Amino acid sequence: MTESPTHTLFSFGTLMDERVQTALFGRAVPTSPASLAGHTTRPLKITDPAVIAASGLDVHLILERRLGASAEGAVLHLTDQELASADAYEVDDYTRRRVVLSSGESTWAYLDAKPLRPAERIVVVGDSIAYGRCDPRGGWAGHLAAAHIAGNEAERRLFNLAVPGSTLADVGEQTPALLAARRPDTLLVAAGINDSAVPAAEAEADGAADFTQLSGSLDALAATALAHNARLVVAGPSWLDEDRTRDYEGLRFTRARALALRAFLRAWCEANHIDHLDLWEPLRDRTDLLVDGLHPTAEGHRALYEHLDAVGR
């Protein structure tokens, strides 16, 4: 019995070629014309011999964001196996994410694997670390804004809407009302350390960390981003010095709970095809880069930015 197509995939390049489809899927797959608003394409040099052999080209296209633009292409209707074959065909510069077509249909597309590189308009939401506390230059988000906008002063924007003390639940509730006026194409959620905290009075009785309740907040943020045709990127948490955060404003922060939060965020993002930018390593064992064991110094914020720039841009 032949497997029926269960997935749709927006293609803007070589996957629309019937010769490539036949090489990958053993057949020419059903397609229909489509467009993706808010995107344009740029050339990408390909070096993988197998991909070059299948497409006959050593330069493919990759999407980048452009307010007012539209990328033309086609929707492919694929089976589970065919989608897996398409994943294997695309080189490491691409990753499969959800997008919303001009028609309003949600579908898969292959986007730049570095989620901040194709961005034009970025909104940052999160807590005091994302806000830039302890750094008069605006923290890692301030560094990111300066570098991002410098690349194109006329078109690029970064809006830092982080609020000190926020949890993911707070961010999930507050963000929807903030996005329309900023017209973001990328929603960068700084999932900080607040979700790992427990009241100091209850810390000794606290059992194994369970962050499954955060799934609802992350699901809501994913839906909010998709509704604005924006790419959701989850960053964090960063390393903390447990010896200096024993009782911080009535809360207890521990490395074990922070690591459990980190593992949960990574797993949720992987399961939902969402980008996760890990911020743990840049400050790891660098207590000199923390003001109070929790908030980075100005140098610590620069270290976080440099890491974000390397993995995200």
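1. The protein has 313 residues, for which a compact globule would have a radius of gyration near 20 Å, and the value of 21 Å found here agrees with that; the radius is taken over C-alpha atoms, and the globule rule is 2.2 Å times the number of residues to the power 0.38. Along the principal axes, the C-alpha atoms fill a box of roughly 65 × 50 × 40 Å.

2. This is a predicted model, in which local features need pLDDT of at least 70 and side-chain atom pairs count only at pLDDT 80 or more, while totals for chains, interfaces and linings use all residues. Residues are numbered from 1 along each chain as its sequence is written, and side-chain values use heavy atoms, with hydrogens and water left out.

3. Of the 313 residues, 51% are buried, where buried means under 20% relative accessible area, exposed over 50%, and partly exposed in between (1.4 Å probe, protein chains only). Among contacts (heavy atoms within 4.5 Å) between residues at least 6 apart in sequence, 76% join residues at least 24 apart.

4. A search of the whole structure finds 1 aromatic pair. The rings of Phe10 and Phe12 have their centres 6.2 Å apart and their planes at 35°, so the pair is tilted; rings of Phe, Tyr and Trp (its six-membered ring) pair if their centres lie within 6.5 Å, with planes under 30 degrees apart counted as stacked, over 60 as edge-to-face and the rest as tilted. Phe10 is buried, with a relative accessible area of 1%, and Phe12 is also buried, with a value of 10%.
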